[in-house]
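Trainee: I'd like to learn how to read a structure like this one. Can you walk me through a part of it?

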Amino acid sequence: MSSPIAPLLLVDGYNIIGSWSPLKSTCDRHGLEQARYELVETLINYTVHKGYKTQVVFDSQYQKTPSSIEHHSTHLSIYFTAWTQTADTYIEKVCAGFFRRQQTNYNRIIVATSDRDQYLTAMGYGAEWMSVEVLAKDIESSRSQVKRKQRSNKRSRGRLLFNCLDAQSQEKLARWL
């Protein structure tokens, strides 16, 4: 039985930073690099929890550099466009490849942006759209679910040190007793 193909979440990075008030505040106070960092850190756990492969796309900000990709985890990467390409055109290209079935690594593509033109383009290519507000609410919901699960696991294991050990260590300790 083959494993299911993970959906691809394409995040229009600067659009999200400019539209999401906590990130916009960070950008205003501490600069764009700190806001990018916070966005990526926020998305890492969310991506794993949701089972997405996520690509955060940033424009190269008019710097004459080639495109580049940074892998932050097995689930999340950052794509910086080449200086002649925008995040919008990159996202459109990925969605077009998905529509023509050239992009078969994913069963779904979800585009997170508040840009209306991007929304229309993504939907036209058969991708799904997620607004900034929905993304923020879904991230918060995901955090709450993870915290509840962690609290539940802690309660069920008890407070004994023995319960915090891995199975192999527990077995060794049991033999000594």
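This is a predicted model: local features need pLDDT of at least 70, side-chain atom pairs count only at pLDDT 80 or more; totals for chains, interfaces and linings use all residues.

Trainee: How many residues of strand 4 are buried?

Mentor: First, the terms: helices (H or I, at least four residues) and strands (E, at least two) are DSSP runs, numbered from the N terminus. Buried means under 20% relative accessible area, exposed over 50%, and partly exposed in between, with a 1.4 Å probe and protein chains only. Here, five of the five residues of strand 4 (residues 76-80) are buried, so the strand is largely enclosed by the rest of the structure. Leu76, Ile78 and Phe80 are buried on one side, and Ser77 and Tyr79 on the other.

Trainee: Which strands pair with strand 4?

Mentor: Two strands pair if DSSP finds at least two bridges between them. Strand 2 (residues 53-58) runs parallel to strand 4, with five bridges, and Thr54 sits opposite Leu76. Strand 3 (residues 68-71) is antiparallel to strand 4, with four bridges. There, Ser68 partners Phe80 and Glu70 faces Ile78. A hairpin of four residues links strand 3 to strand 4.

Trainee: What should helix 4 span?

Mentor: The expected span of a helix is 1.5 Å times one less than its number of residues. For the 13 residues of helix 4 (residues 87-99) that gives 18 Å, and the end C-alpha atoms are 18 Å apart, which agrees. Just after helix 4, Arg101 has a positive phi of about 65 degrees.

Trainee: Which residues of helix 4 are buried?

Mentor: An α-helix has 3.6 residues a turn, so residues three or four places apart point the same way. In helix 4 the buried ones include Ala87, Tyr90, Ile91, Val94 and Phe98. Contact means heavy atoms within 4.5 Å, and the cover for the buried residues includes strand 2, strand 4 and helix 5 (116-124).

Trainee: At what angle do helix 4 and helix 5 pack?

Mentor: Axes are lines fitted to C-alpha atoms, for helices over the stretch in contact, and angles run from 0 to 180 degrees between N-to-C directions. Helix 4 and helix 5 pack at about 15 degrees, with axes 9 Å apart. They are therefore roughly parallel to each other (angles under 35 degrees count as roughly parallel, over 145 as roughly antiparallel, 65 to 115 as roughly perpendicular and the rest as oblique).

Definitions and conventions: Residues are numbered from 1 along each chain as its sequence is written. Side-chain values use heavy atoms; hydrogens and water are left out.
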